[in-house]
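Dear colleague,

I am handing over the structure below, and after it you will find my notes on what was found. Please read them with the structure open beside you.

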Amino acid sequence: MNTYRLALIGFGNVGQGLAKILLDRSSWLEERFDTKFVVVAISDMHKGSCYDPDGLSISELLDSIDNTNNLEGVTAPNQGWDSLQTIQDSNADIVIEISYTDLETGEPALTHTRAALQSGKHVVTTNKGPIALYFPELIDLAHKHNVEIGVEGTVMSGTPVLRVGMDIMQGAGITKVEGILNGTTNYILTQMETGMSYSEALLQAQGLGYAEANPDGDVKGHDAAGKIVILANLLMNVPLRMQDVSCTGITHITEKDINAASKEKKRWKLIGVLDKTDNGCEASVQPELLPHNHPLYSVSGATNAITYTTELLGDVTLIGPGAGRVETGYALLEDLLGILKVQTGK
Ligand code: HSE
């Protein structure tokens with residue numbers, strides 16, 4: 001039986017989603033892959049931290065969050081370790097970096113990711129900050145220390161758009177990417193079509209675990225722009241930066257705009273576009289008014305979609321969840337299984 005010890009840096013929506021999946025799927029993982037994923041440490045800046053080199057009880061962790069929204073009562077020989085001590089001094093093989101996203105500095109996730117790779121630990125993350133801002137450096141660091149970095153959940157949660165684009169469609173020649181890349185804004189726009197106010201819809205999106213800790217990044221389009229930057233770097237090998245993406249969010253769209261569109265059988269959608277050019281890429285994120293026969297017109301709620309335009313296959317569209325606790329937690333499992341595959345060939 002292989003055992004992988006996990007340290008979770010952050011235990012918000014996504015971490016709890018992963019914990020639930022690991023609990024529910026543990027027998028399947030053992031039977032199918034002869035592998036156990038054991039959570040040995042959690043360090044969360046608000047909820048506290050605990051570390052047991054022999055493994056923590058996932059049900060106890062989840063119960064503690066349900067009952068008290070912190071980890072203080074969890075049975076563990078070590079409490080109160082900060083994120084860096086957890087990364088550097090725990091016996092984890094894999095660090096799951098799921099602290100909050102900051103698309104201006106990448107911190108604190110950038111420091112966590114560098115520290116984990118430098119300590120020879122694999123990293124799996126859904127955090128867009130460090131990946132949008134520092135991917136070339138981080139992949140070099142991973143290679144240098146002979147470890148893996150998994151980033152599937154940074155774009156469209158567990159819908160495997162990066163794996164498909166980078167691996168399976170690598171030879172197809174992707175020339176353009178277009179899509180709805182933010183769950184929160186698509187949810188808000190969809191709810192506003194039913195008569196709900198912008199602020200109520202945003203509150204719901206936060207309650208459902210779609211929005212970022214600071215939802216400004218969602219509604220102003222920065223989250224989708226970060227995903228466009230990640231797609232440019234990973235799929236097209238173009239070192240696009242956040243400031244290269246022309247970006248407009250949805251904050252100026254009113255209920256009146258939504259109703260006027262509905263009358264014409266049209267819908268507002270926040271669309272991200274990445275177009276390969278001779279010298280790099282052109283990239284934008286902006287609200288667009290789509291007619292009812294447009295392929296993205298019916299993509300509703302927190303569902304997202306991405307169309308890869310390719311030289312050999314024409315257009316290939318992937319539609320699936322773009323956000324959510326379990327949906328993003330599942331992205332982490334995809335990357336964990338990716339590491340398992342590289343390490344064991346299973
Ligand atoms: N806040 C993001 C969204 C989460 O709404 O799409 C997934 O990246």
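**Around the ligand**

An oxygen atom of the ligand is placed 2.7 Å from a polar backbone atom of Gly-183, which makes this a polar contact, since that term means a pair of N or O atoms within 3.5 Å, and within protein one must be able to donate a hydrogen and the other to accept it, while residues adjacent in sequence count only if both atoms are side-chain atoms. This is a predicted model, in which local features need pLDDT of at least 70 and side-chain atom pairs count only at pLDDT 80 or more, whereas totals for chains, interfaces and linings use all residues. Residues are numbered from 1 along each chain as its sequence is written, and side-chain values use heavy atoms, with hydrogens and water left out.

A ligand oxygen also lies 2.6 Å from an N or O atom in the side chain of Thr-184, and a polar side-chain atom of Lys-128 is 2.8 Å from an oxygen atom of the ligand.

**Helix 5 and helix 10**

Lys-128 also belongs to helix 5, where Lys-128, Ile-131, Ala-132, Phe-135 and Pro-136 are in contact (heavy atoms within 4.5 Å) with residues of helix 10, among them Asp-223 and Lys-227. Asp-223 and Lys-227 are, like Lys-128, among the residues around the ligand (a heavy atom within 4 Å).

**Thr-307**

Thr-307 counts as buried because its relative accessibility is 12%, where buried means under 20% relative accessible area, exposed over 50% and partly exposed in between (1.4 Å probe, protein chains only). The side chains of Thr-307 and Thr-317 are joined by a polar contact of 2.8 Å.

Key
Helices (H or I, at least four residues) and strands (E, at least two) are DSSP runs, numbered from the N terminus.
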